[in-house]
Amino acid sequence: MDILRSPVSAVRFFNGGGTRSRSCSTRRFNVRANLPFPQQHAKYFKELEAAVDVVQRACHLCINVKSSLFSTDGKILEKNDHTPVTVADFGVQGLISLELGKLFPSIPLVAEEDSAFLRSRNLADTVLSAITATVSSTCKPLTQDDVLEAIDRGGQDAFTFGPKPATYWVLDPIDGTRGFLKAGRALYVVGLALVVEGEIVIGVMGCPNWEEDSSENFSAGIEENWDSLRRSGTVMIAHKGCGTWMKRLNSQPESPSVWTRCFVDGSNIVDKARFCIPDSQTWESLPLSSLFKATNNVDKVGNDQILLLGTCCGSLCKYLMVASGRASIFILRAKEKTTIKAWDHAVGMICIHEAGGKVTDWIGSEVDLAADEANRRIIFPSGGVLVTNGKLHDRILQIIYQTSTL
């Protein structure tokens with residue numbers, strides 16, 4: 001029997017495409033385990049176990065650092081000082097690099113930061129303190145040099161790959177910096193993926209302030225106290241051939257984790273779907289705007305009008321939205337003179353694929369993580385990136401093609 005097809009997964013039932021309702025009823029079958037599938041079914045089980053543990057630690061580091069940025073009533077304490085997000089970014093990269101370096105020393109790390117900024121601002125000791133509070137036990141106390149070297153292990157000059165298929169970790173320490181710097185529900189993600197011989201095989205996303213029962217109309221202006229924030233959050237994982245799963249970030253350590261299988265939504269009509277777009281782009285800049293207007297008001301969606309979901313974050317949270325069934329489509333336009341980074345997409349791509357969705361560029365080709373042969377840091381999707389529930393993918397590609405030829 002295939003355990004991944006047996007009734008341990010979450011099975012979602014969707015309204016028909018002809019209705020205006022944008023919600024779905026869900027029957028959940030949960031799994032209590034450290035991971036939701038047996039080791040014999042997952043080739044990279046130990047790597048995924050380690051990745052889940054370190055991403056959870058990284059999320060707690062973010063929560064601890066962020067709590068120093070706001071007062072108890074949600075007001076920002078340091079309006080013009082981005083030190084907290086600096087400490088969190090570098091702290092997460094240092095922490096994850098240290099932990100993975102101990103367990104898998106031969107696997108390189110491709111990540112966003114290097115230590116030059118920390119060295120120039122004398123912030124290494126602050127980052128060391130943040131890491132020390134969350135790192136697993138070590139034989140000797142960590143030093144500033146340990147932290148700086150760990151951060152640089154993921155930097156651009158740390159490793160040169162060449163044209164052959166490669167094995168490496170891809171890390172985005174904090175995707176959605178603006179979300180980190182906001183009070184309330186603004187979302188941000190810690191994202192980690194493992195690429196083996198050119199193929200993404202596992203992924204873990206941690207979103208510290210994700211709310212399981214939140215509505216489709218996300219608001220960044222709602223203030224929350226820190227006790228509430230520490231009880232929220234989610235971890236999403238994916239393993240090649242084993243599906244995409246989620247659990248609460250802050251479940252009790254002594255209790256088994258409760259995992260729920262994730263599937264993309266069932267929308268099959270474009271104007272009944274829920275869309276995410278980059279915070280830096282407008283609906284009018286995208287090809288579909290010639291056919292459909294857009295609104296972010298879930299209660300006032302007119303005929304032939306698109307519902308845009310606000311998420312106040314970077315790309316990875318939008319992948320999380322689609323993979324969990326909250327959104328149907330995430331569409332991103334490639335801009336001139338703006339590079340698209342691999343860590344903004346790698347972990348999201350496997351979560352979408354394993355949840356039943358699809359990711360391509362705007363001409364329908366797979367996103368090539370090896371296009372940047374030397375460093376594996378940049379991707380070059382033609383036109384942009386399209387992420388969908390699969391059912392709508394060909395239709396959206398057709399609209400993009402038709403509007404581009406006019």
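This is a predicted model: local features need pLDDT of at least 70, side-chain atom pairs count only at pLDDT 80 or more; totals for chains, interfaces and linings use all residues.
# Rings, cores and a pocket

F90 counts as buried, since its relative accessibility is 5%, which falls under the 20% limit that is used for that word.

**Aromatic pairs**

- A search through the whole structure finds 7 aromatic pairs, and F90 and F117 form one that is stacked, with 6.3 Å from centre to centre and 10° between the planes.
- F90 belongs to helix α2 (residues 83-103) and F117 to helix α3 (residues 116-121), so this pair ties together parts that are 27 residues apart in sequence.
- F117 is partly exposed, with a relative accessible area of 32%, whereas F90 is buried at 5%.
- Y319 and F330 form an aromatic pair that is edge-to-face, with 5.7 Å from centre to centre and 80° between the planes.
- Because Y319 lies in helix α8 (residues 315-323) and F330 in strand β14 (residues 329-333), the pair ties together parts of the chain that are 11 residues apart in sequence.
- Y319 is buried with a relative accessible area of 0%, and F330 is buried as well, with a relative accessible area of 1%.
- Ring pairs also link F159, F161 and Y168 into a cluster.

**Charges over rings**

- The charged end of K66 sits over the ring of F180, at 5.8 Å from the centre of that ring.
- In another part of the sequence, the charged end of K247 sits over the ring of W259, at 5.7 Å from its centre.

**Nonpolar cores**

- In soluble globular proteins, nonpolar side chains tend to be buried together.
- Here the largest nonpolar core has 63 residues, and those with the most contacts inside it are I96, I131, W169, F180, L192 and I237.
- Helix α1 (residues 45-67) gives the most to this core, with 13 residues.

**Helix α9**

- Helix α9 (residues 346-354) is mostly covered, as 8 of its 9 residues are buried.
- The buried residues of α9 are A346, V347, G348, M349, I350, C351, I352 and E354, and just after this helix G356 takes a positive phi of about 100°.

**The second largest pocket**

- The second largest pocket has a volume of about 640 Å³, and of the 28 residues that line this pocket, S280, G314, S315, L332 and D344 are the closest to its centre.
- Several elements supply at least two residues each to the lining of this pocket, namely β5 (168-175), α6 (177-180), α8, β14 and β15 (340-341).
- When the residues of this lining are sorted by class, 8 are nonpolar, 9 are polar and 11 are charged.

**A loop residue**

- E211 is found in the loop between β7 (199-207) and α7 (226-230), and with a relative accessibility of 18% E211 counts as buried.
- Along the chain E211 and R248 are 37 residues apart, and their C-alpha atoms are separated by 9.1 Å.

Notes:
Residues are numbered from 1 along each chain as its sequence is written. Side-chain values use heavy atoms; hydrogens and water are left out. Rings of Phe, Tyr and Trp (its six-membered ring) pair if their centres lie within 6.5 Å; planes under 30 degrees apart count as stacked, over 60 as edge-to-face and the rest as tilted. Helices (H or I, at least four residues) and strands (E, at least two) are DSSP runs, numbered from the N terminus. Buried means under 20% relative accessible area, exposed over 50%, partly exposed in between (1.4 Å probe, protein chains only). A charge sits over a ring if NZ of Lys or CZ of Arg is within 6 Å of the ring centre and within 35 degrees of the ring normal. A nonpolar core is a set of buried Ala, Val, Leu, Ile, Met, Phe, Trp, Tyr and Cys residues joined through side-chain atoms within 4.5 Å. On a 1 Å grid over the protein atoms alone, a cavity is a set of points where a 1.4 Å probe fits but cannot get out, and a pocket is an open set with protein on both sides within 12 Å along at least five of seven lines; lining residues have an atom within 4 Å of a point. Grid points are joined across faces, edges and corners, and a volume is the space filled by probe spheres set on the points. Ala, Val, Leu, Ile, Met, Phe, Trp, Tyr, Cys and Pro count as nonpolar, Asp, Glu, Lys and Arg as charged, and the others, Gly among them, as polar.
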